[in-house]
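Colleague: I would like to learn how to read a structure like this one, feature by feature. Please show it first, and then I will ask.

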There are 2 protein chains.
Amino acid sequence: MMEVKHDPEACRKTILAVHDAMDVLGGKWKISIVASLGFGKKRYSEILKDVTGISGKMLSRELKDMETNQLVKREVVNTKPVTVEYELTEYGHQLKSVISNLADWGNTHRKKIMGK
Amino acid sequence: MMEVKHDPEACRKTILAVHDAMDVLGGKWKISIVASLGFGKKRYSEILKDVTGISGKMLSRELKDMETNQLVKREVVNTKPVTVEYELTEYGHQLKSVISNLADWGNTHRKKIMGK
């Protein structure tokens, strides 16, 4: 009897799907930005503060990419001065379980590395 | 009443944990390699075939990184010629739900992009 886990077709499909996801989420920052916006609508400056280490230029670029891929919505609010807010689209929100699993794993990893 | 989702402390912790995870899983290939090994122990050449587009040199480097971070185990099998096999450690296996969620999302993304 064949072992199901060695199913090459299922394996190939999974790798392809993961690859597609990482095409959109790849790079150093996007997943952190999704994690930040998972806690609600935010101003540009708030995201910049949340995502430690990102530059303003890089944040703008990443947010633009994510807007193109329909992960985030950008809204200009008519305050004085004007503020720009970002929030996850419904589609972006579907990454919630990915983010929460990654965070759980990251916590475990931190404890492991620190020798608990 | 404060909205829980705007809890800055929880937000900061989640972003930090995600960042820790991406430190280990970052780059173009590691998540795909974990996806490949999620389907069982494999020889080097099998992983190379699974992960479309990766070069041999890059695969060696990524596997070495992943061994250092205790995500994979390397085993030299005393065949003629010698074969080298890799498998996920128990710790690497804990990424299974991350991979499966990413794959689901990637599938949805593919359909969306292709206009379904």
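Colleague: Does Lys42(B) count as buried or exposed, and at what relative accessibility?

Modeller: The scale comes first: buried means under 20% relative accessible area, exposed over 50%, and partly exposed in between, with a 1.4 Å probe and protein chains only. At 8% relative accessibility, Lys42(B) counts as buried. As for the ground rules, this is a predicted model, in which local features need pLDDT of at least 70 and side-chain atom pairs count only at pLDDT 80 or more, while totals for chains, interfaces and linings use all residues. Residues are numbered from 1 along each chain as its sequence is written, chains are lettered from A and ligands numbered from 1 in the order in which they are written, and side-chain values use heavy atoms, with hydrogens and water left out.

Colleague: Which residues is Lys42(B) in contact with, leaving aside its neighbours within four places in sequence?

Modeller: Contact means heavy atoms within 4.5 Å. On that rule Lys42(B) is in contact with Cys11(A), Ser36(B), Leu37(B), Ile47(B), Asp50(B), Val84(B), Glu85(B) and Tyr86(B). For polar contacts, the test is a pair of N or O atoms within 3.5 Å; within protein, one must be able to donate a hydrogen and the other to accept it, and residues adjacent in sequence count only if both atoms are side-chain atoms. The side chain of Lys42(B) makes a polar contact with the side chain of Asp50(B) at 2.5 Å, and the Lys42(B) side chain also reaches the backbone oxygen of Ser36(B) at 3.2 Å.

Colleague: With which residue does Lys42(B) form a salt bridge?

Modeller: Side chains of opposite charge can pair when their charged atoms come close. The rule here asks for a side-chain nitrogen of Lys or Arg within 4 Å of a carboxyl oxygen of Asp or Glu. Lys42(B) forms a salt bridge with Asp50(B), the closest N and O atoms being 2.5 Å apart. Asp50(B) is buried too, with a relative accessible area of 12%. Elsewhere, salt bridges that share partners join Lys41(A), Glu75(A), Glu85(A) and Glu87(A) into one network.

Colleague: How many salt bridges are there over all chains?

Modeller: By this rule the count comes to 14. One of them pairs the side chains of Glu62(A) and Lys30(A), at 2.9 Å from N to O. Glu62(A) lies in helix H4 (residues 56–68) of chain A and Lys30(A) in helix H2 (residues 30–37) of chain A, so the pair ties together parts that are 32 residues apart in sequence. Helices (H or I, at least four residues) and strands (E, at least two) are DSSP runs, numbered from the N terminus. Glu62(A) is buried, with a relative accessible area of 6%, and Lys30(A) counts as buried at 7%.

Colleague: What is the distance between the closest N and O atoms of Glu87(B) and Lys41(B)?

Modeller: Those atoms are 4.0 Å apart, and the two residues form a salt bridge. Glu87(B) lies in strand S3 (residues 83–88) of chain B and Lys41(B) in the loop between H2 and S1 of chain B, so this pair ties together parts that are 46 residues apart in sequence. Glu87(B) is partly exposed, with a relative accessible area of 26%; Lys41(B) is also partly exposed, at 34%.

Colleague: What is the order of the strands in the sheet of chain B?

Modeller: Two strands pair if DSSP finds at least two bridges between them. The 3 strands form an open sheet in the order S1-S3-S2, with antiparallel pairing. S1 and strand S2 (72–77) of chain B stand at the edges, each with a single partner strand, so one side of each is left without a neighbour in the sheet. S2(B) and S3(B) run antiparallel and are joined by 6 bridges. Val76(B) has Val84(B) in S3(B) as its bridge partner.

Colleague: How much area is buried between chain B and chain A?

Modeller: The size of an interface is often given as the accessible area lost when the parts come together. Buried area here uses a 1.4 Å probe and is summed over both parts. Between chain B and chain A it is about 4,500 Å², of which carbon and sulfur atoms give 66%. Phe39(B), Tyr91(B) and Trp105(B) supply 18% of the area that chain B buries against chain A, more than any other three residues.

Notes
Buried area is the accessible area (1.4 Å probe) that two parts lose on being put together, summed over both.
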